[in-house]
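Let's take a friendly walk through the aromatic side of this protein. Have the structure open and follow along.

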Amino acid sequence: MAHIHPLDGDGIQTQLFHYLWKRGQGLEVEQKLHSMKIPDTIVFYNFPIMWYFWSEHNGEVRKKGGKALERTNILRTFCKRRNPEATDIVASFLSHRTDTEDTITFLNEQDLAKFLFDKPIHQGLLQRFMLPRGAHNEMIQAVWSPRLCLINKRVNRLLLNDRHCNRTDKCITFEGATHFTEEALTAKSVRAKIENVCRSFVDHFKTVEHHYSVSRMVLYFKEDAWDNSVVWLHFSSSFRITELKYKASGFQQRKPPMSLTPQFQGLHNAAAEEKLKAEKDGKARSGPKPYRGPRPKPGTMQDVTDLIKSGRLADADEGIALGLTPMTELPLPTTLRQAVADGDSSPKSRHPNDGIKYEMLVDRHVFNKKTQQARADVQKWDTENDRILADLKMFTEKRREVVSGLSICW
């Protein structure tokens with residue numbers, strides 16, 4: 001009977017960093033990972049139990065515990081080298097349980113303090129947030145098998161330093177909905193580097209686990225913001241581990257299909273999404289809404305009613321000269337027509353089409369009033385212009401008289 005390796009399965013694996021740290025026993029030369037680092041990663045099981053980090057001095061993954069896992073020390077270390085101008089995010093927490101889907105939360109300094117000191121039940125990985133190379137967050141996915149290595153890169157569409165956007169929306173890449181991100185090209189040198197890292201990890205795992213080998217895995221990397229030769233390994237979403245005795249005998253273990261995409265929940269407000277969906281369904285069932293134009297002002301409606309009662313629609317019509325339809329030919333509201341016939345002085349629009357008809361009459365009435373006002377203004381300007389011309393003529397005559405008097409004196 002085949003034994004299931006602890007690393008075998010889908011979802012966020014906290015054991016990954018244990019095997020990155022683990023060394024081959026009884027070997028003179030340790031198998032080290034090339035051109036790969038890990039961010040500060042703390043394993044939580046209701047409380048911090050282990051801190052994995054990359055040692056620049058030794059060039060390998062190390063771990064620490066004891067007093068280093070004090071919550072004040074974690075908060076101070078994670079917030080020490082942050083860049084406020086680039087982003088306010090300092091950490092991310094990835095959680096995986098066997099009975100639920102994965103969850104991811106991006107934390108700023110205040111949220112991290114609340115996360116550490118409120119002491120809720122947490123199980124997963126707390127990682128330092130690594131800045132991307134550009135202004136948008138990005139991640140590289142590597143799907144490795146012994147014969148093939150597929151590498152994909154996704155870049156978030158939102159700016160990382162945009163404080164008006166939700167932190168999750170501007171940080172997610174492969175963890176969330178695809179409309180927040182877009183595919184991007186990966187440089188040939190970066191692809192070769194990640195393939196080398198994957199092979200190096202497989203060799204390292206085979207060295208430290210003598211009876212097992214990696215047959216499939218999905219890893220997630222981020223390029224270093226300042227050093228082109230370094231990539232950071234963040235987490236994995238799937239592993240398939242094979243026992244060497246079955247592999248040597250040619251017996252194929254039945255393994256479930258490998259998950260290529262991490263399924264994270266809790267990225268968005270579920271209640272808001274359900275409300276939006278219900279609103280869309282309601283609109284689809286109800287069909288298009290009937291036309292409801294702006295309500296005419298009561299005073300303007302009364303003016304139109306008075307014109308209709310007095311029969312002065314043609315006298316007040318200014319649009320005939322411009323070739324518009326005469327007001328007498330415009331359709332009258334049904335309720336108004338009946339009210340005028342019955343002698344009602346205050347008709348009310350109750351017929352379905354009366355609103356549109358009233359709006360047509362009111363628009364023409366407003367146009368007539370504005371045209372009449374414009375004509376009155378033109379007449380006023382003409383009168384003022386004539387007065388100015390008369391004053392100018394009188395000034396010219398007086399000037400001529402003054403000039404003639406001066407010439408006689410000389």
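This is a predicted model: local features need pLDDT of at least 70, side-chain atom pairs count only at pLDDT 80 or more; totals for chains, interfaces and linings use all residues.

Over the ring of which residue does the charged end of Lys63 sit? The ring belongs to Trp21, and the charged end of Lys63 is 3.8 Å from its centre.

Now turn to contacts between rings. A pair of aromatic rings is described by the distance of the centres and the angle of the planes. With ring centres required to lie within 6.5 Å, the count comes to 11 aromatic pairs. One of them joins Phe44 and Phe93: the centres are 6.2 Å apart and the planes stand at 85°, so this pair is edge-to-face. Phe44 belongs to strand β3 (residues 41-45) and Phe93 to strand β6 (residues 89-95), so the contact ties together parts that are 49 residues apart in sequence. Phe44 is buried, at 3% relative accessibility, and Phe93 is buried too, with a relative accessible area of 6%.

Next, look at Phe106 and Phe129. Their ring centres lie 6.5 Å apart with the planes at 85°, so this pair is edge-to-face. Phe106 sits in strand β7 (residues 102-108), while Phe129 is found in the loop between β8 (123-128) and β9 (138-144), so the pair links parts 23 residues apart in sequence. Both of these phenylalanines, Phe106 and Phe129, are buried.

To finish the walk, pick out Tyr19, Phe201, Phe205 and Phe239, which form one aromatic cluster.

Notes. Residues are numbered from 1 along each chain as its sequence is written. Side-chain values use heavy atoms; hydrogens and water are left out. Rings of Phe, Tyr and Trp (its six-membered ring) pair if their centres lie within 6.5 Å; planes under 30 degrees apart count as stacked, over 60 as edge-to-face and the rest as tilted. Helices (H or I, at least four residues) and strands (E, at least two) are DSSP runs, numbered from the N terminus. Buried means under 20% relative accessible area, exposed over 50%, partly exposed in between (1.4 Å probe, protein chains only). A charge sits over a ring if NZ of Lys or CZ of Arg is within 6 Å of the ring centre and within 35 degrees of the ring normal.
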